[in-house]
Structure formats: C-alpha cells, structure tokens
Amino acid sequence: MMESGPMTGPVPTDGTADGAHPRSADPSGVPAKPNPADATGEIGGTFWRRFTFRRPLAALILQRLGLSVGLLFAVSLMIFGGIEALPGDFATTYLGQSATPQAVENIRKDLGLDRPWSERYLSWLGGAVQGDFGTSWASKNSVGEQISKRLGNSLFLAFFAAIVSVPLAVGLGMLAVQFRNRLPDKIINVVSLAAISLPEFFVGYLLIMFFAVKFGVATFPATVYDSMSFTERLSAIALPVATLVLVVLAHMMRMTRAAILNVMSSAYVETAELKGLSMFRIIARHAAPNAVAPVINVIALNLAYLVVGVVVVEVVFVYPGMGQYMVDAVTVRDMPVVQACGLIFAAFYIFLNMAADILAILANPRLRHPR
C-alpha cells in the first residue's frame, strides 16, 4: 500500500526508505534468519570485546604478552635470516683457502648446511624453545652449557651496575628538581650531558688509564673465575660496573627530573606548597609517586641496555661474559653461538620492555579502577 506525499511522489509504508534494502530476504516478507556460520565467526571477537570491557587491565597485559611473543618470533627469524645472508662460509673459514672442494662439502654435510634454510630454521627454533641451542661448530661443545656460564657473568655485572645506577639516578633527579635552575641543578645537568656524549668504550679506556695504569687501585683485565671469592669478584668488576653506571646514569637521571617537573605543575602539588610542606617532602611523597610510570619505562630501557649493551664493555675489559663470547664466535663464524647469543639478548630486551609496559599499566590508577 502506497501513500502520496507532497511533492515527493509515492512513499512506501512498510517502513523501508527509498533505496534501502528490504528487511526480508524473500518475497514472502518473512525476515531472514541470521547465518549460524556468521554467529560462530563472531564468537571470538565478541568474547574479546566483552573481556576488554569488563577487565581492561587484564586485557592490556595479555595484549603486551602476545605482542612480546610475536615480536620474539619475528626477531628469531631476522637473526637466522641475517646470518644466512652473510657472505662467506664457515667450512671455508675453518679449513682455510687451500681446502679442497670435497673437504668443504663434507664439512657442510656434517653440519647440516646442505639442507634448506627453512628446515634448518625450524629445527633450530624448536631446539631453542626447549633450551637446546645445538653444538658449537668451533669447539664442538654444547652451546647451552657455555652460555649458562657466560650469561651468569653478564647478569652479575649488569646486576651490580643496576643497583648502583638506579637509586643514584632517581636520587640525583629528585635533587635536581629540588634545586632547579640553581647551582646543584646546573652542575648535575652539565655532568650528565658530558656522560651522555661520551661512548662507553672511551669511558672504559679513560677509567683503565687513570685507575688501573696511573694509580693502580683497580684490576685490569676484569677476569673472573669459579674459585674467586665474592669480594675478589667485586674488585674485578669495579671498572666495568663504573663504566656502565656512567653510561646509563645520565639518561635515567634526566628522565626522572623531567617526569617529576611535569608533575610539579599539578594542582595538588600547589596545594601541598600552600600548606607549608617542605620541597623535599612534596617531591618525595606527592610528585615522585605520580611520576613513576615514565620513570619505570626509562629505567627498564636502561636495564635492558645493561644486559644487551655489555658487549662493548666486556670486550674492552676482557670480561668473560656473553658479549665477549659472541664477539669471539663472530670472529670464527661460529653461527650456532652467534644465533643463540643474539636470541637471548633479544629475549632479555623484549622481556624488560614488556615488564616496563605492564608496570606502567599497573601504576595507572585509571586502569586499576575503571569506571
């Protein structure tokens, strides 16, 4: 049934506008039923939307975990593919230029280099997931056993660098805020800028020249072994720890200062000032806790650097850690060792960044207490 509207022509009365599709899928006028297959396809998305709405904090944490696992998988593929793309061959390097083609072919077959790269990648990744990184081509020893010793030394070095640098950086950042635009603040900024400008190998050589060569109060090279006592180990790593502290301290301190200064302009800080609280108490009890999220991020990034960036420092101080182990393996093209070290460094970096994201999420009260 049709009605005529003024100057518009016939207007449908069944509730369907001109140009719109009818509600029913057949001429009988019966509405079309939803496709069960479509409903099944929407189950996953609907569940995730409901979960995100009801548990936003847990959803964000799960997203970070999933992204970290996917990123680690992509990095493993990049590491393997990058090493495969390198010119040269381990068999030729190991046997020398005078090696016969048959001898080179025999070594390639023994090492499995004659198999397709995809097959070798899946075999290596499956073993790495289980903690088996294969056998070193150069030494014929288990890569996992060698890495477990070297990794402990690197973590020992990074741990003491962290427990010195993190409290010192946060304290200097708060001190710079308390005396902002005054002499202590200016001195801290100048020294931090100088420390950021110097590369770690240059800082390491300066420390060696002054404290090990000229004054003779520090140990060089920084060699550690199993029979050393704890105090002897601390004495041996004094210069590498000092180098790492000087490298990461300035960045953490400046970011701490910037984050706290950003909070100092808030209304509740002004209220605390009007109440007559001391500047140190305002910074420590009111400003610093609310600036914790960016500070956590920058600390986690620098902790990741302490683990990953020890390569240069370990080479400078001849320290028997993961970095020195990887450099020695690159020299002789020991690819299983290089792949394992690269994957472990990437895993530490991704894990620490993921931990920083999760801690920043947990530190956000709007996410902890959603409306």
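**Nonpolar patch and salt bridges**

L198, F201, F202, Y205 and V312 together make up a nonpolar patch on the surface, with about 440 Å² of accessible area. The model is predicted, so local features need pLDDT of at least 70, side-chain atom pairs count only at pLDDT 80 or more, and totals for chains, interfaces and linings use all residues. Residues are numbered from 1 along each chain as its sequence is written, and side-chain values use heavy atoms, with hydrogens and water left out.

**The patch**

- A patch consists of residues with over 30% relative accessible area and no salt bridge, with like charges joined within 9 Å and nonpolar side chains (Val, Leu, Ile, Met, Phe, Trp, Tyr) within 5 Å.
- Accessible areas come from the Shrake-Rupley method with a 1.4 Å probe, and for residues only the protein chains shown count as cover.
- Helix α9 (residues 200-214) gives the most to the nonpolar patch, with 3 residues; helices are DSSP runs (H or I, at least four residues) numbered from the N terminus.
- V312 lies in helix α15 (residues 310-317).

**The salt bridges**

- The count is 2 salt bridges, each being a side-chain nitrogen of Lys or Arg within 4 Å of a carboxyl oxygen of Asp or Glu.
- R115 and E119 are joined by a salt bridge between their side chains (3.5 Å, N to O).
- The side chains of D185 and R257 form a salt bridge (2.8 Å, N to O).
- This pair links distant parts of the chain, with D185 in helix α8 (residues 183-197) and R257 in helix α11 (residues 238-264), 72 residues apart.
- Both D185 and R257 are buried, that is, under 20% relative accessible area.

Terms used:
Helix = DSSP H or I, 4+ residues; strand = E, 2+ residues; numbered from the N terminus. Buried < 20%, exposed > 50% of the residue type's maximum accessible area, 1.4 Å probe, protein only.
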